[in-house]
Amino acid sequence: MNIAICDDSELDALAARKVIRNTLNNLNQEAEIKYYLNAEDIQDKLLKRMNRLTC
């Protein structure tokens, strides 16, 4: 499972990541959790990923 958090506050993004990670641990689930501080960064990451999959 991959989870992306987008928040302009790094402290809030880290807090959200911690809550998600703790919840997943309680459910015996694992995930890659990344956070981004602006929508452009996550958009660029997703576009690059899509391009790799279609090439």
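Biologist: What pLDDT does the protein chain average, and what share of the residues score at least 70?

Modeller: This is a predicted model, and its protein chain averages a pLDDT of 93, with 98% of the residues scoring at least 70.

Biologist: Where in the protein chain is confidence lowest, and where is it highest?

Modeller: Confidence is lowest in helix 2, residues 39-54, where the mean is 87, and highest in helix 1, where the mean is 97. Helix 1 covers residues 10-26, and its 17 residues reach 24 Å from the first C-alpha to the last, which is close to the 24 Å expected at 1.5 Å a residue.

Biologist: Is N28 buried or exposed?

Modeller: N28 counts as exposed because its relative accessibility is 70%, and exposed means over 50%.

Biologist: How many salt bridges does the count come to, and which residue pairs with K34?

Modeller: In general, side chains of opposite charge can pair when their charged atoms come close. Here the count comes to one salt bridge, which K34 forms with E32, their closest N and O atoms being 3.4 Å apart. K34 counts as partly exposed at 35% relative accessibility, and E32, at 41%, also counts as partly exposed.

Terms used
Residues numbered from 1 in each chain as written. Predicted model: local features only at pLDDT ≥ 70, side-chain atom pairs only at ≥ 80, totals over all residues. Heavy atoms only, no water. Helix = DSSP H or I, 4+ residues; strand = E, 2+ residues; numbered from the N terminus. Expected span 1.5 Å × (residues − 1). pLDDT = per-residue confidence, 0-100. Buried < 20%, exposed > 50% of the residue type's maximum accessible area, 1.4 Å probe, protein only. Salt bridge = Lys/Arg side-chain N within 4 Å of Asp/Glu carboxyl O.
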